[in-house]
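Visitor: Hi! Could you walk me through the strands and the aromatic rings in this one?

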Amino acid sequence: MTFDTLDLRWEFWDGEEDTVLILVNGTPLVELVRRWEDVAAQATGERSLAGSYAGLPRQFAAEIQTAWLGEPERGNLLSNFVGERVALLECGCGELLCWPLVARIEVGEREVRWLDFQQIHRMKQEVPSVRPNRPPAPFWSYAGFGPFVFERAAYMRAVRSLGWASTDS
């Protein structure tokens, strides 16, 4: 089996706190998602929203170490999403809950899979809206996006490296 590659590093972000740059097979995850979302966003007249993400800030380094290693825990802001999904990217404005991209992370014996991606504000509405006066947001499908399958040992090294890496070196 051929595995996808994952490279994670801290990146300086617009004079703010460092953020995680996620490269999947050498391409930034933000760019892969932008390409995928562009079709749905254009169809719903929301093209400016496609790919409007940023990496998670360094303040979430400890949460990344657990949530991305398949150990979601109560109180971990990255694990607060529907269907056991965790945040991989936050909104480009820098606010996690504003516009996060989430996915399920399955950690197996030999591989780690990122699958079932969702933009939480463009999910299928399975329950009636709590705001009946507002029309439901359009649904964006991520069927066919991913899964990304990483070799477990390489994945674990990449995620753990965020705990000690610095942009100062």
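Guide: Happy to. One definition to start: strands here are DSSP runs of E with at least two residues, numbered from the N terminus. Keep in mind that this is a predicted model.

Visitor: What joins β6 to β7?

Guide: A hairpin does, passing through three residues. Strand β6 covers residues 101–107 and pairs with β7 in the antiparallel sense, over six bridges.

Visitor: Which residues in β7 are the bridge partners of L101 and R104?

Guide: L101 has Q119 as its partner, and R104 has L115.

Visitor: And how many bridges join β7 to β8?

Guide: Four, and those two strands run antiparallel as well. Across from W114 you find F148 in β8.

Visitor: Zooming out, what is the strand order in the sheet?

Guide: The order is β4-β5-β6-β7-β8, an open sheet of five strands with antiparallel pairing. At the edges sit β4 (53–55) and β8 (148–151), each of which pairs on one side only. From one strand to the next, the twist averages 40°.

Visitor: Which strands does α3 lie across?

Guide: Helix α3 lies across β6, β7 and β8, and runs at about 90° to β8.

Visitor: Let's switch to rings. How many aromatic pairs are there?

Guide: The structure holds nine. One of them is W114 with Y155: the ring centres are 6.2 Å apart and the planes stand at 90°.

Visitor: Why is that pair called edge-to-face?

Guide: Planes over 60 degrees apart count as edge-to-face, so the 90° between W114 and Y155 puts the pair in that class. The pair also links distant parts of the chain, with W114 in strand β7 (residues 111–119) and Y155 in helix α3 (residues 152–161), 41 residues apart.

Visitor: Are those two buried or exposed?

Guide: W114 is buried, at a relative accessible area of 0%. Y155 counts as buried too, with 1% relative accessibility.

Visitor: What about Y142 and F145, how are their rings arranged?

Guide: Their centres are 6.5 Å apart and their planes make 75°, so this pair is edge-to-face. Both Y142 and F145 are buried.

Visitor: Which residues do ring pairs link into a cluster?

Guide: W36, F117, Y142, F145 and F148.

Note on methods. Residues are numbered from 1 along each chain as its sequence is written. This is a predicted model: local features need pLDDT of at least 70, side-chain atom pairs count only at pLDDT 80 or more; totals for chains, interfaces and linings use all residues. Side-chain values use heavy atoms; hydrogens and water are left out. Rings of Phe, Tyr and Trp (its six-membered ring) pair if their centres lie within 6.5 Å; planes under 30 degrees apart count as stacked, over 60 as edge-to-face and the rest as tilted. Buried means under 20% relative accessible area, exposed over 50%, partly exposed in between (1.4 Å probe, protein chains only). Two strands pair if DSSP finds at least two bridges between them. Axes are lines fitted to C-alpha atoms, for helices over the stretch in contact, and angles run from 0 to 180 degrees between N-to-C directions. Contact means heavy atoms within 4.5 Å.
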